[in-house]
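Subject: Structure for your review

Dear colleague,

Please find below the structure that I am handing over to you. My findings follow it, grouped by region.

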Amino acid sequence: MSRSAHPAGPRHADVMSDGHYLAPADDLNVLDEKVWSRTVARDEHGALTVGGLTVSHLAEEFGTPAYFLDETDFRSRCRAWADAFGPGADVFYAGKAFLSRAVVRWLKEEGLNLDVCSGGELATALDAGMPAERIAFHGNNKTVEEIERAVAAGVGRIVLDSFQEIVRVAHVAQGLGKRQRVQIRVTVGVEAHTHEFIATAHEDQKFGIALAGGQAAEAVRRALTLDGLELVGIHSHIGSQIFDMAGFEVSARRVVQLLAEVRDEHGVELPEIDLGGGLGIAYTSEDDPREPHEIAKSLGDIVTRECEAAGLATPRISVEPGRAIVGPTAFTLYEVGTVKPLEGLRTYVSVDGGMSDNIRTALYDAEYSVALASRTSDAEPMLVRVVGKHCESGDIVVKDAFLPADLAPGDLIAVPATGAYCRSMASNYNHALRPPVVAVRDGEARVIVRRETEEDLLRLDVG
């Protein structure tokens, strides 16, 4: 098997609809290690393999479209994050990226904690055996029933997102005769350089309690005085798909300033600070993500420096990588259905999935890579747009990319870095059946989330 990064130097470039230039790699058959999971390679016949299994065999057994998750890669990323932060910090996997019972078991075995943000995610975590004390419960509008279940189960922390929720959680905890550990989520006024809908720390959005105007300080006062609550820290999350650490530096400085104000007013030094997640991954060769050890050192240095300046003991740091762990570990495999050249523009390649299995391109204008998976080709590159089969003009999987000009119906193509949010946000639009998630490891493949069937759809339709 062979695998190496793209050689430098494009042969030609095409102008995209947004005015930018896109150049093909010198060899479309070569895989970029930044984008694909660690066990993906090409065999001696040129077919894509993962965990030692060829995509042709996988497609024959499990069908397409399907998500193939590299379990070896997933576990190694869990260990890398745990090792980078060490025993003096907490790593919470953000379950919203992708969650299943198998994933929960892997997290438990690899020593990571888990954050959830709905009753369904909590149920999955508990059913798969994650100890409740290793679970954090997020969300901007948790129901009373969800809070009751979380408190009764003994979750390690609930992240409070509003003044109403402070009272709500306290009331539930008192009714159950418990003292619930909580953090307060604050918005620090730092806008990450990302899409508006995934930037979460500026004031004009639904998450958290603003530092501005003293609102966060007032939330601390209330949480410290209510029976049933044990306030253990402050939580901040500045956005998603972030590569620049500068935003975290500003966020940490403002959170530490709040910790100092709490100490000065209440004589209490809160022992925890959670800086959230949002660290980016490589979707294309242009992306340059940081390694966990770099992130850990940078965040640790920032918090330690700011606490020393404020005369505070350094609190226990928590982080919440989700996409950074599961995103690169999976790819989606499709079968090509039609190839439609548009003279002078591009070629539209239609596949047997689409926005029902990957809404991110339509929702966030996300960018992805794509590769011919079932074989290699020496044909010239052609500019393509990979689209789905749904009745929607915005049903785009990969906006602009290059594939070999001899691409034909029946070929298999693979879109890497689809482990995060694709299955989690999948839908039944046009009554599409959501694809399976297949875990691959050491020459074996097994379904961890099965493909939906027409019987599944009809069973829910009780009208």
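Where is the place of S100? S100 sits in the loop between β7 and α3. Please bear in mind throughout that this is a predicted model. With a relative accessible area of 5%, S100 falls under the 20% limit and is therefore buried. Leaving aside neighbours within four places in sequence, the residues in contact with S100 are T124, I448 and V449.

Strand β7 covers residues 89-94, and six of its six residues are buried, so β7 is largely enclosed by the rest of the structure. Burial applies to both faces of β7: A89, V91 and Y93 are buried on one side, and D90, F92 and A94 are buried on the other.

Strand β7 is joined to strand β15 (residues 316-319) by three bridges, and the two run parallel. Within that pairing, D90 has S318 of β15 as its bridge partner. Three bridges also join β7 to strand β8 (residues 113-116), again in parallel. Here Y93 has L114 of β8 as its bridge partner. Between β7 and β8 the chain passes through helix α3 (residues 101-110), and this β-α-β crossover is right-handed.

The sheet β3-β4-β5

A further sheet is open and consists of three strands in the order β3-β4-β5, with antiparallel pairing. Its edges are β3 (41-42) and β5 (53-54); each has a single partner strand, so one side of each is left without a neighbour in the sheet. Strand β4 (residues 48-50) is joined to β5 by two bridges, and these strands run antiparallel. In this pair, V50 stands opposite L53 of β5.

The second largest pocket

Turning to open space, the second largest pocket holds about 740 Å³. Its lining comprises 32 residues, of which K96, C117, F207, S240 and Y421 are the closest to the centre of the pocket. The elements that contribute two or more residues to this lining are β8, α10 (323-326) and α11 (360-364). By class, the lining of the second largest pocket divides into twelve nonpolar, twelve polar and eight charged residues.

Enclosed cavities

How many cavities of 30 Å³ or more does a search of the whole structure find? The search finds two.

The largest cavity has a volume of about 50 Å³. Its lining is formed by Y67, L69, F98, V326, A330, T418, G419, R423 and V437. Six of these lining residues are nonpolar, two are polar and one is charged.

The second largest cavity has a volume of about 30 Å³. W81, G276, G277, L279, I295, V319, E320 and P321 line the second largest cavity. Five of these residues are nonpolar, two are polar and one is charged. V319 also belongs to the range of β15 (residues 316-319), the strand that is joined to β7 by three bridges.

I hope that this account is of use as you examine the structure yourself.

With kind regards

Key
Residues are numbered from 1 along each chain as its sequence is written. This is a predicted model: local features need pLDDT of at least 70, side-chain atom pairs count only at pLDDT 80 or more; totals for chains, interfaces and linings use all residues. Side-chain values use heavy atoms; hydrogens and water are left out. Buried means under 20% relative accessible area, exposed over 50%, partly exposed in between (1.4 Å probe, protein chains only). Helices (H or I, at least four residues) and strands (E, at least two) are DSSP runs, numbered from the N terminus. Two strands pair if DSSP finds at least two bridges between them. A crossover is right-handed if, with the strands pointing away from the viewer, the path from the first strand over the helix to the second runs clockwise. On a 1 Å grid over the protein atoms alone, a cavity is a set of points where a 1.4 Å probe fits but cannot get out, and a pocket is an open set with protein on both sides within 12 Å along at least five of seven lines; lining residues have an atom within 4 Å of a point. Grid points are joined across faces, edges and corners, and a volume is the space filled by probe spheres set on the points. Ala, Val, Leu, Ile, Met, Phe, Trp, Tyr, Cys and Pro count as nonpolar, Asp, Glu, Lys and Arg as charged, and the others, Gly among them, as polar. Contact means heavy atoms within 4.5 Å.
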